[in-house]
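Please look over the sequence and the fold before reading on.

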Amino acid sequence: MTPATHTLLLLRHAKSDWGHAVGDRDRPLASRGRRQAPHTGRWLAEHDLVPDLALVSPAARARQTWDLIAGQWSGPLPSVRIEEAAYTFDGADLLELVRGASESVGRLALTGHNPGLEELASELTGEWVRLPTSALAVIELERWADAGADRARLRYAGRPADDA
């Protein structure tokens, strides 16, 4: 494998609140999720991994998670796109989003859902990556367009709130 030039940040939305009588897209974060998500934002800042671009699922819990993460950063914030295609539970769909990123984007964040994120991480790295709610995977690869088939390296996987 050649040296990585891109970093992919897979961000699983924080714990959602199933106590509301709303559809899946509108389900908000639970109080635990609102407490955990900021830890991820601080972790990313501490490790100099604030993204250049964020693709965020339109689901309320994903948007709220992203807002809590990005709220921990000072300075210029990344560009954000609420991406309809990120509201999927299929890793192959997410892989197409990654492959479509501009090569000028050095760090790409994708905030979404399982099992799609775990499937994507496995496809990219060739290893199983567990992503519970509020988890993060940091994956390095050479080119977005070539993503897939074990072409990436897993640098970190975990839930930063657990380490706080």
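How many aromatic pairs does a search of the whole structure find? In this predicted model, the search finds three aromatic pairs. One of them is formed by Tyr87 and Phe89, whose rings lie 5.7 Å centre to centre with 70° between the planes, an edge-to-face arrangement. Phe89 counts as partly exposed because its relative accessibility is 37%, a value that falls between the limits of 20% for buried and 50% for exposed residues.

Turning to helix packing, helix H1, which covers residues 31-46, packs with helix H2, residues 60-70, at an angle of about 50°, and their axes are 7 Å apart. The two helices, H1 and H2, are therefore oblique to each other, and their crossing is right-handed. On the H1 side the contact is made by Gly33, Arg34, Ala37, Pro38, Thr40, Gly41 and Leu44, while H2 contributes Thr65, Leu68 and Ile69.

Helix H4, residues 116-125, is largely enclosed by the rest of the structure, because eight of its ten residues are buried. These buried residues of H4 are Gly116, Leu117, Glu118, Leu120, Ala121, Ser122, Leu124 and Thr125. Against which elements do the buried residues of H4 pack? Their partners are the strands E1 (6-12), E4 (107-112), E5 (136-141) and E6 (153-158), together with helix H3 (91-99). After H4 comes Gly126, which has a positive phi, near 80°.

Key:
Residues numbered from 1 in each chain as written. Predicted model: local features only at pLDDT ≥ 70, side-chain atom pairs only at ≥ 80, totals over all residues. Heavy atoms only, no water. Axes fitted to C-alpha atoms, helices over the stretch in contact; angles between N-to-C directions. Helix = DSSP H or I, 4+ residues; strand = E, 2+ residues; numbered from the N terminus. Parallel < 35°, antiparallel > 145°, perpendicular 65-115°, else oblique. Left-handed = near helix turned anticlockwise from the far one by under 90°. Contact = heavy atoms within 4.5 Å. Phe/Tyr/Trp six-rings, centres within 6.5 Å; stacked < 30°, edge-to-face > 60°. Buried < 20%, exposed > 50% of the residue type's maximum accessible area, 1.4 Å probe, protein only.
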